[in-house]
Amino acid sequence: MSGGAPSRGFVVEHYPEVASTNDLARQRAERGAEEGLVILADRQVAGRGRHGRAWDSPLGNLYASVLLRPRAPLASSATLSLVAALAVIEALDPFVGDRSRLRAKWPNDVLLDGNKTAGVLLEGADDGRGNTAWLVIGIGVNVARAPEALARGTTSVQAATGVAVTPRTVLDRLLDGLAHRYADWGERGFTALRAAWLARAHGVGSAVTLRLGDEAIQGRFADLGEDGSLLLENELGCLTRYTAGELFFG
Ligand code: BTN
């Protein structure tokens, strides 16, 4: 492990290889590590994605987990996954150039030219008194490689733009942006960031299918709730709010 100088309130611990940066960050959180710890790894041998999937983690991509301790209920803290996805988009903007190519896919994927290039895995615990004890924001960005296991519908920054950038450069930009966005979130809540997320969102107004367990719910992606939920409109014009699920377009 090599250490990183504290900057922007974050302290980066850099490992050549870990099982999962989220697992390590979680262990550190449970042992009392302070907010701002970032676990960065060059590769993961047991990287995890959402919905219990594996996250293929070859060398060349970014694998990082940020420990936060928001003074908020865990349900509100969950909106930080959208904030993290927005911060990833903004960190990648200069390498991609055309902002319209980078989009947020609800709840917390990042698409580049319509293909997944980053994902966020949020894990946290309640302190038993209604507040967040700890929150780990795990961020995976396909910087140099689109993992083969996920090849369909995925891309990397390098594949899509021809730009070669290091994971550390992306992380430094990401932490800068996240620090600002997190400060705003702390002062004014997710409401303050909702418009910024919507401005970069993929498919608002489109017909979608939301997979929730065994259920497939169809509707129109009408809006994003103040709490980061997905608002789906059915054929009768009724809106229903969803806080979880996997979204499919078309
Ligand atoms: C997704 O399914 O889209 C979320 C993927 C999150 C992957 C990142 S890589 C760093 C951190 N450590 C993990 O094991 N997972 C997250």
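These legends describe close-up views of a predicted model.

In this predicted model, local features need pLDDT of at least 70 and side-chain atom pairs count only at pLDDT 80 or more, while totals for chains, interfaces and linings use all residues. Residues are numbered from 1 along each chain as its sequence is written, and side-chain values use heavy atoms, with hydrogens and water left out.

Strand β4 covers residues 62-68. Helices (H or I, at least four residues) and strands (E, at least two) are DSSP runs, numbered from the N terminus. Seven of the seven residues of β4 are buried, so the strand is largely enclosed by the rest of the structure. Buried means under 20% relative accessible area, exposed over 50%, and partly exposed in between (1.4 Å probe, protein chains only). In a regular strand the side chains alternate between the two faces of the sheet. L62, A64, V66 and L68 point one way from β4. Y63, S65 and L67 point the other way. Strand β3 (residues 37-44) runs antiparallel to β4 and is joined to it by four bridges. Two strands pair if DSSP finds at least two bridges between them. Y63 in β4 is the bridge partner of A41. Strand β8 (residues 132-141) is also antiparallel to β4, with seven bridges. Here V66 stands opposite I137.

**View B. The five-stranded open sheet.**
The strand order is β12-β11-β10-β9-β13, with antiparallel pairing. β12 (239-242) and β13 (246-249) stand at the edges, each with a single partner strand, so one side of each has no neighbour in the sheet. Neighbouring strands are turned by 45° against each other on average, direction ignored. Four bridges join β9 (residues 207-212) to β13. L210 stands opposite L247 in β13.

**View C. The two sides of helix α6.**
Helix α6 spans residues 191-199, and its buried residues are L193, R194 and W197. They cover an arc of only 120° around the axis, which puts them on the same side of α6. The arc is that of the directions from the helix axis to the C-beta atoms. Exposed A195 and A199 sit on the face turned away from the buried side. The buried residues pack against α3 (80-96), β5 (102-105), α5 (167-188) and β10 (215-224).

**View D. Where α3 meets α6.**
The two helix axes come within 10 Å and cross at roughly 50°. Axes are lines fitted to C-alpha atoms, for helices over the stretch in contact, and angles run from 0 to 180 degrees between N-to-C directions. That makes α3 oblique to α6. Angles under 35 degrees count as roughly parallel, over 145 as roughly antiparallel, 65 to 115 as roughly perpendicular and the rest as oblique. L82, V83 and L86 in α3 meet L193, A196 and W197 in α6. Contact means heavy atoms within 4.5 Å.
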